[in-house]
Amino acid sequence: MTAPGSGTGPEVPAEGGLVAEVAQMNAEQLAEHEAEVAEVVAADREIDVAIGQTLLKVDDVTVRFGGLVALDGVSFDIRRGEILGLIGPNGAGKTTCFNAMTGVYRPSSGQVLLEDKPLGKASRHAITQLGIARTFQNIRLFSEMTALENVVVGTDARHKTSLVGALLRTPRHHREEKQAIEKGMALLEFVGIADRAADRAKNLPYGYQRRLEIARALATEPKLLCLDEPAAGFNPAEKEELMGLIRTIRDDGYTVLLIEHDMKLVMGVTDRIVVLEFGKKIAEGVPAEIRENPAVIAAYLGVPDDDVA
Ligand SMILES: Nc1ncnc2c1ncn2[C@@H]1O[C@H](COP(=O)(O)OP(=O)(O)OP(=O)(O)O)[C@@H](O)[C@H]1O
């Protein structure tokens with residue numbers, strides 16, 4: 001792929017072109033177009049396979065920072081096709097858990113298994129290739145690159161062209177680049193920001209940047225998508241829209257792990273919830289059970305609603 005941001009990067013369709021085209025479609029054309037988008041977005045994933053079986057297992061994981069035990073013997077499963085919420089008061093260990101699952105930290109003891117295989121000492125990049133993608137609490141985009149380029153970079157995790165192939169611009173490289181652009185556009189449309197594909201990430205509105213992070217994570221074709229507070233800084237209407245997007249992502253066959261501070265959002269969108277407090281798992285269950293769980297209520301006593309999760 002051409003170096004991102006080099007000025008010779010992917011050609012972006014004229015601004016508004018795709019959006020204007022979609023706006024003029026009748027219901028039948030629109031349904032066909034949406035099916036095409038879904039096919040590009042989901043083409044290589046095995047969906048409907050073993051839904052409900054364990055995809056990822058966090059097995060007795062402890063993470064220590066010097067004398068501080070940030071995660072203390074935590075175990076839970078993430079099942080294929082579900083949206084699992086990971087909640088807990090500030091400092092409970094949620095991000096540490098994400099980091100242990102995505103290769104940022106190695107567990108001091110215990111292990112994380114994806115499809116029964118221990119992640120062991122796999123690097124972050126290797127873990128992305130194995131199928132775990134994440135977004136960050138603080139948005140991390142390539143700010144000088146366009147929205148489309150940001151997503152195209154995400155598809156690199158799946159490319160087969162060698163560096164030499166890319167430098168020599170072999171036919172395979174051309175083919176992969178074309179497919180990456182097509183897929184990038186489909187993903188931008190999927191998350192609802194295709195109208196700004198040609199804009200630099202830094203110039204996008206905040207809500208678009210958050211959606212772009214999700215599109216970029218999806219571009220790696222993850223089996224598991226981990227979202228770290230994706231609604232941070234959103235107003236209620238934006239949160240509502242985001243819930244819709246997360247549901248669509250799940251309905252499209254992805255498995256989602258969600259850290260979120262907004263309890264209403266967590267209760268409204270997740271299938272199951274795991275609750276951490278002081279690095280330990282204190283509860284696990286469906287939202288209705290968690291809402292009534294005395295240990296969870298106690299953990300959150302005195303915590304303002306906005307600060308919950
Ligand atoms: N790199 C680190 N070095 C030292 N201590 C850390 C590090 N990362 C996290 N911690 C500590 O580990 C504990 C758990 O932090 P973590 O960020 O995982 O919690 P959290 O549940 O994600 O909190 P928040 O909701 O505030 O983001 C905290 O006491 C935190 O200060």
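**Strands, ligand and confidence**

Author: This is a predicted model. Strand β3, residues 83-87, is mostly covered, with 5 of its 5 residues buried.

Reader: Which residues of β3 lie on one side, and which on the other?

Author: I83, G85 and I87 are on one side, and L84 and L86 are on the other. These residues are all buried, and both faces of β3 are covered.

Reader: In what sense do β3 and β8 pair?

Author: β3 and β8, the latter spanning residues 255-259, pair in the parallel sense over 4 bridges. The bridge partner of G85 in β8 is L258.

Reader: And over how many bridges do β3 and β9 pair?

Author: β3 and β9 (residues 272-277) pair over 4 bridges, in the parallel sense. In β9, L84 has R272 as its bridge partner.

Reader: What is the order of strands in the sheet with β3?

Author: The order is β6-β7-β8-β3-β9-β10. These 6 strands form an open sheet with mixed pairing.

Reader: Why is one side of β6 and of β10 left without a neighbour in the sheet?

Author: β6 (132-134) and β10 (280-285) stand at the edges and each has a single partner strand, so one side of each has no neighbour in the sheet. From one strand to the next, the twist averages 20 degrees.

Reader: How many bridges are there between β6 and β7?

Author: β6 and β7, residues 224-228, pair over 3 bridges in the parallel sense. Within this pairing, R134 stands opposite C226 in β7.

Reader: Which strands does helix α9 lie across?

Author: Helix α9, residues 236-251, lies across β3, β7 and β8. The helix runs at about 150 degrees to β8.

Reader: Let us change topic. What is the order of the 4 strands in the antiparallel open sheet?

Author: The order of that sheet is β2-β1-β4-β5. Its edge strands are β2 and β5 (117-118), each of which pairs on one side only.

Reader: How many bridges join β1 to β2?

Author: β1, residues 54-65, is joined to β2 by 8 bridges, and the two run antiparallel. T54 stands opposite R79 in β2.

Reader: Where does α3 lie?

Author: α3 lies across β1, β2 and β4 (109-114). Its direction is about 115 degrees to β1.

Reader: Now the ligand. Which residues are around it?

Author: The residues around the ligand are F65, L68, A70, G88, N90, G91, A92, G93, K94, T95 and T96. By class, this shell has 4 nonpolar, 6 polar and 1 charged residues.

Reader: Finally, what is the mean pLDDT of the protein?

Author: The mean pLDDT is 82, and 76% of the residues reach 70 or more. The model scores ipTM 0.96 and pTM 0.79.

Reader: Where does pLDDT stay under 50?

Author: One such stretch is residues 1-16, for which the model has 31 contacts beyond four places in sequence. In another, residues 43-49, pLDDT also stays under 50, and the model has 6 contacts beyond four places in sequence.

How values were computed:
Residues numbered from 1 in each chain as written. Predicted model: local features only at pLDDT ≥ 70, side-chain atom pairs only at ≥ 80, totals over all residues. Buried ≥ 20, exposed ≤ 12 C-beta atoms within 10 Å, placed from the backbone. Pairing = 2+ DSSP bridges. Near = placed C-beta within 6 Å. Nonpolar A, V, L, I, M, F, W, Y, C, P; charged D, E, K, R; others polar. Contact = placed C-beta atoms within 7 Å. Axes fitted to C-alpha atoms, helices over the stretch in contact; angles between N-to-C directions. pLDDT = per-residue confidence, 0-100.
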